[in-house]
Amino acid sequence: MNGVIAGITLRGMFGRRRALLLLLLPLTLIGLALALRLTGHAGEEEATVLLQRFGIATLMPLIALIAASGVLGTEIDDGSFVFLLSKPISRPVILNSKLAVAVGLNVVFAAVPVLVAGLIMVGPDGGVALGFGAGALAGSIAYGAIFVLINVLTRHAVVAGLAYALIWESLVGGFVPGARQLSVEQWALSVADWVATSPAVHAEVAVMAALGLLAVVTVGATVLAGQRLRSLSIAGEA
Amino acid sequence: MTTIEVDHASRWYGNVVAVNDVTMDVGPGVTGLLGPNGAGKSTLLHMMSGFLAPSIGAVRVGGRPAWHDHELYRGVGLVPERDAVYGYLTGRQLALASARLHGLPRPEDAARRALATVDLIEAQDRRVDTYSKGMRQRAKVAAALVHEPEVLLLDEPFNGMDPRQRLHMMDLVRRMGDEGRTVLFSSHILEEVERVAEHIQVIIAGRLAASGDFREIRRLMTDRPHVFTIRSSDDRRLATALIADASTAGVEVGTDGLRVRAADFGQFTWLVPRVARDLNIGLREVRPADESLESVFSYLVAQ
């Protein structure tokens, strides 16, 4: 990890309009949690539905997608990435620095808001807030690595990332039970279920399998992204 | 002394050959890589700067393969053509970030020195996205010079600049060459190369068309047969007078004027107005018909 690269990346992230998007989604989640609390619909069941459907299934992948394209995809697209590539720093180090910023953003704008929304709704009861916070943290790290890899692999990373999140995670995961074994969303839910004591939180994937798969996917995507970045060609306009 | 060696390098994208079996050595001083748009200059420059692997052949900088070697950049500075830089940084922050990324022992001093070299000290605390095109280009040069590289590669450095900015940048490039660095810049404009480069590499349709001392190539370009389109008040009489002189190689009389092939450019351009005046013929248009860079280069390839 290189501090100068991380610093430039972070400044770039907040110098653009997309920073507003990063804020908008978690504020919506917290706003919904507050509204439910104020209207008396803030039991463990309701909290689980909100944190699972909006927090883990929607907020977490979208924030990871925005962050990954902001820290890497935009720079590759507009050519400013050449500034970093033309320095005596290995490309995996450049990638890891970018990934660290992406994961940091995911934690701040996805995992922490999920925890806060849970606390607003049910406080520490049943470990729901802490469980979903932990699940969102684990999922945010894995999604960070996956979406950064997608940004290295394709110039259409936002479309590819959305297609992955919507088609695989939501559609296929929703109708094909087997696909849920291979879903970041379900792994995050397993972590939440493991930490929480409330019967309202229920996961389909065994926690050890989920943790193992999260680790494999995170490490695998990071290593692969570093390798692909090493061979990334910057083509001339001829 | 660091040289760039391109050894029978080719690069293709699918079925399209961008660079075709190019061999050249680039040494200290300023070398211009001249060619029309789409000739393969950027592809060649990207191979030299380690951003692109040759499909076959080799590209070495200081004796080491350029591809897959990030240590290369300790001795190489690159100024890319694309305008994108981190616009949210100030000029000073950009140069300083570059110095830190190079791991220089005194990054602040190095950044200040580089900014002074490109004459950007006054504007160093302004954000790069408030700079003019020329200032942005100089900021990129400062970031590329911060570690005082032996080799400096610039892709179309004068593009989009106004005349004053262009002169300033030309001075800067010349100075880098005078200091003994190996400076290579690409351009599609003959005059730019003429004013700055001592050596020239002409690339056309992916192939090296001419290489060597600029004056020699310029002479070849001037001495080539030129074709002019001429419209006058009496085309036939003018045609007769022109063909009588040895500087005219051929004349074709058409419905919309004459198409004249000049064998001696200097003599012919001296002759035309005098013949017209002596015969009392009004000249309505004298236009070079083949002054495009492509036609000049095609002639060079044939030589």
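Residues are numbered from 1 along each chain as its sequence is written, while chains are lettered from A and ligands numbered from 1 in the order in which they are written. Because the model is predicted, local features need pLDDT of at least 70 and side-chain atom pairs count only at pLDDT 80 or more, whereas totals for chains, interfaces and linings use all residues.

Reader: What average pLDDT does chain B have?
Author: The term pLDDT stands for the predictor's confidence in each residue, from 0 to 100. In chain B, 93% of the residues score at least 70. The average pLDDT of chain B is 89.

Reader: Which helix gives the most to the side of chain B that touches chain A?
Author: Two residues are in contact if their C-beta atoms, placed from the backbone, lie within 7 Å, and by this rule 28 residues of chain B are in contact with 24 residues of chain A. Helices (H or I, at least four residues) and strands (E, at least two) are DSSP runs, numbered from the N terminus. On the side of chain B that touches chain A, helix H1 (41-48) and helix H2 (91-101) of chain B each supply at least two residues. The helix that gives the most, with four residues, is H1(B).

Reader: Which strands stand at the edges of the sheet in chain B?
Author: Two strands pair if DSSP finds at least two bridges between them, and in chain B four strands form an open, antiparallel sheet in the order E2-E1-E4-E5. Each edge strand has a single partner strand, so one side of each is left without a neighbour in the sheet. The edge strands of chain B are E2 (16-26) and E5 (64-65).

Reader: Is B:Gln267 buried, partly exposed or exposed, and why?
Author: A residue is buried if 20 or more other C-beta atoms, placed from the backbone, lie within 10 Å of its own, exposed if 12 or fewer, and partly exposed in between. B:Gln267, which is found in helix H9 (residues 265-278) of chain B, has 13 other C-beta atoms within 10 Å. B:Gln267 is therefore partly exposed.

Reader: What radius of gyration does chain A have?
Author: The radius of gyration is taken over C-alpha atoms, and the globule rule is 2.2 Å times the number of residues to the power 0.38. With 238 residues, a compact globule would have a value near 18 Å, and chain A agrees with this, having a radius of gyration of 18 Å.
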